[in-house]
Amino acid sequence: MTTLPDRPNTALLVIDMQRGVVDTAHELEAVTANIRTLVARARAGAVPVIWVQHSDDGLKYGSESWQYVPELVREEAEPVVHKNYGDSFEATDLEALLAERGVGHVVVTGAQTDMCVRSTLHGAFTRGYDVTLVGDAHTTEDLTAYGAPAPALVVAHTNLYWKEQRAPGRRGTTVGTEEVDFAVGADV
């Protein structure tokens, strides 16, 4: 259904599951386990897994806090997209990597729900991709001190509003880890 012609494939995006990003994240253990499950399932189905890694003044490239959490291990052949903005497409090679692989549908996981995950959802959608958010495979930190809702509410709200995203020739949806099926021709 994507508006990107000749791009029938799906890819799994793992966004910013870095030590300094998720060190105080909501439900981190469960989210990490779900992402591990999805990565294994994608690999078993020869579905591209693309890792996204953020850096900025507070998250220095190459630092300990910049590294992925140890429970998530990237295979050498799996590309890493290095980014400096919330949207994983902005000033990166993500679009080129997806085009090379014929990808028109992205499955999104990672952190932070209300920042980089949300920006990437919208960035992919406006670029013509079908976008599936895995509702139990993304997380955020507690920003209630700054007026934000509690992390569980941020996750729930994002899952709710993304579930019915529609635009001409593309769609967004939210599913649970167990509902993700990477088989060729599968709906999600």
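Mentor: Starting at the N terminus, the elements of the chain run β-α-α-β-β-α-β-α-β-α-β-β. That comes to five helices and seven strands. The elements are DSSP runs numbered from the N terminus, helices being H or I with at least four residues and strands E with at least two. Keep in mind that this is a predicted model, where local features need pLDDT of at least 70, side-chain atom pairs count only at pLDDT 80 or more, and totals for chains, interfaces and linings use all residues. Residues are numbered from 1 along each chain as its sequence is written, and side-chain values use heavy atoms, with hydrogens and water left out.

Trainee: How do you know that the chain agrees with a compact globule?

Mentor: The radius of gyration is taken over C-alpha atoms, and the globule rule is 2.2 Å times the number of residues to the power 0.38. For 188 residues a compact globule would be near 16 Å, and the chain has 15 Å, so the two agree. The C-alpha trace spans about 45 × 35 × 30 Å along its principal axes. Buried residues make up 52% of the 188.

Trainee: What makes the pair of Phe 89 and Tyr 129 tilted?

Mentor: Rings of Phe, Tyr and Trp (its six-membered ring) pair if their centres lie within 6.5 Å; planes under 30 degrees apart are stacked, over 60 edge-to-face, and the rest tilted. By this rule the count comes to five aromatic pairs. Phe 89 and Tyr 129 are 5.5 Å centre to centre with 40 degrees between the planes, hence tilted. Phe 89 sits in the loop between strand S3 (80-83) and helix H3 (94-100), and Tyr 129 in the loop between helix H4 (113-126) and strand S5 (130-139), so the pair ties together parts 40 residues apart in sequence.

Trainee: Why are Phe 89 and Tyr 129 called buried?

Mentor: Buried means under 20% relative accessible area, exposed over 50%, and partly exposed in between (1.4 Å probe, protein chains only). Phe 89 has 5%, so it counts as buried, and Tyr 129 has 0%, so that residue does too.

Trainee: Why is the pair of Tyr 161 and Trp 162 called edge-to-face?

Mentor: Their ring centres are 6.2 Å apart and their planes stand at 80 degrees, so edge-to-face is the label. Tyr 161 is partly exposed, at 21%, while Trp 162 is buried, at 0%. Together with Phe 125, Tyr 161 and Trp 162 form one aromatic cluster.

Trainee: And how do you know that Arg 170 lies over the face of Phe 125?

Mentor: A charge sits over a ring if NZ of Lys or CZ of Arg is within 6 Å of the ring centre and within 35 degrees of the ring normal. Arg 170 is at 5.1 Å from the ring centre of Phe 125 and lies over its face.

Trainee: Let's turn to pockets. What lines the second largest pocket?

Mentor: A pocket is found on a 1 Å grid over the protein atoms alone: an open set of points with protein on both sides within 12 Å along at least five of seven lines, and lining residues have an atom within 4 Å of a point. The lining of the second largest pocket includes Asp 16, His 54, Asp 56, Gln 112, Met 115 and Glu 141. Helix H1 (19-22) and H4 each supply at least two residues of that lining. The space in this pocket is about 240 Å³.

Trainee: What makes Ala 46 exposed?

Mentor: Ala 46 has 71% relative accessibility, so exposed is the class. The phi of Ala 46 is also positive, near 55 degrees, and its place is in the loop between H2 and S2.

Methods
1 Å grid on protein atoms, 1.4 Å probe; cavity = no way out; pocket = protein on both sides within 12 Å on 5 of 7 lines; lining within 4 Å. Points joined across faces, edges and corners; volume = space filled by probe spheres on them.
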